[in-house]
Amino acid sequence: MSDSRGQFEHVYNDCYAAVHRYAARRVAPEAVQDVVSDTFLTAWRRYAELRGEPLPWLLGIARRTAANHRRGGTRRNALQERLSNERPANAGSGFADSRFADSDPQVAAALATLAERDREALMLVAWDGLEHRVAASVMGCSTGAFTVRVHRARRKLERALADAQTNPIDVTQQVRSPQ
């Protein structure tokens with residue numbers, strides 16, 4: 001047990017910052033530490049299942065943990081809305097979604113129009129700097145399927161930016177896996 005604990009501590013120390021950055025771009029600031037903690041708790045429980053590089057595996061866990069957190073937030077917001085309608089004197093406040101707070105507002109608005117899978121593919125490549133091979137592992141698909149997904153997502157993002165009558169940004173630069 002102590003050997004696997006030492007190995008896990010090494011993985012934790014090496015990957016904590018990347019998992020934290022990943023979570024910070026996907027959930028509200030007040031939820032980042034919860035998502036990171038839940039990610040490493042799940043990783044510890046399932047450490048024997050790790051095959052290959054730990055970072056893609058951890059980011060895959062973080063992706064599912066963040067999605068669970070967002071679904072929970074949606075349910076809480078729906079409940080809050082229902083309760084505020086039942087008791088008008090206690091009007092509720094909306095959920096502050098600041099995942100894109102550090103980005104250009106026009107790009108953030110365009111990203112928000114994309115489907116979750118498209119947005120996730122673009123964010124893995126552009127913001128997390130992952131190669132297609134590693135990002136495909138995070139998304140749970142083949143490298144070829146991921147490359148197609150990124151290509152299509154870039155086109156959708158370009159259209160969304162053009163529809164917003166903004167100056168289109170260059171989204172054609174790609175991070176590719178070595179052949």
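Predicted model: local features only at pLDDT ≥ 70, side-chain atom pairs only at ≥ 80, totals over all residues.

Visitor: Which residues of the two helices make the contact?

Guide: On the helix 5 side you have Arg117, Asp118, Ala121, Leu122, Leu124 and Val125. Helix 7 brings Phe146, Arg149, Val150, Ala153, Arg154, Lys156 and Leu157. Sorted by class, that contact holds eight nonpolar and five charged residues, with no polar ones.

Visitor: Why is helix 5 called largely enclosed by the rest of the structure?

Guide: Because eight of its eleven residues are buried. Those are Asp118, Arg119, Glu120, Ala121, Leu122, Met123, Leu124 and Val125.

Visitor: How do you know that glutamate 120 is buried?

Guide: Buried means under 20% relative accessible area. Glutamate 120 comes in at 2%, so buried it is.

Visitor: And what makes glutamate 120 and arginine 63 a salt bridge?

Guide: The cut-off is a side-chain nitrogen within 4 Å of a carboxyl oxygen. For this pair the closest N and O atoms are 4.0 Å apart, and the pair is listed as a salt bridge. Arginine 63 lies in helix 3 (residues 54-86) and glutamate 120 in helix 5, so the bridge ties together parts that are 57 residues apart in sequence. Salt bridges with shared partners also join Arg25, Arg26, Arg63, Glu120 and Asp128 into one network.

Visitor: How many salt bridges does the whole structure have?

Guide: The search finds twelve. One of them pairs glutamate 9 with arginine 5, at 3.1 Å from N to O. Both residues sit in helix 1 (residues 2-24), four residues apart, which is about one turn of the helix.

Visitor: Why is arginine 5 called exposed, but glutamate 9 partly exposed?

Guide: Exposed starts over 50%, and partly exposed lies between that and the 20% limit for buried. Arginine 5 has 52%, so it counts as exposed. Glutamate 9 has 39%, so it is partly exposed.

Visitor: What about the salt bridge between glutamate 49 and arginine 46?

Guide: Their side chains meet at 3.0 Å, N to O, which is within the 4 Å limit. Glutamate 49, at 44%, counts as partly exposed, and arginine 46, at 30%, is partly exposed too.

Terms used: Residues numbered from 1 in each chain as written. Heavy atoms only, no water. Contact = heavy atoms within 4.5 Å. Nonpolar A, V, L, I, M, F, W, Y, C, P; charged D, E, K, R; others polar. Buried < 20%, exposed > 50% of the residue type's maximum accessible area, 1.4 Å probe, protein only.
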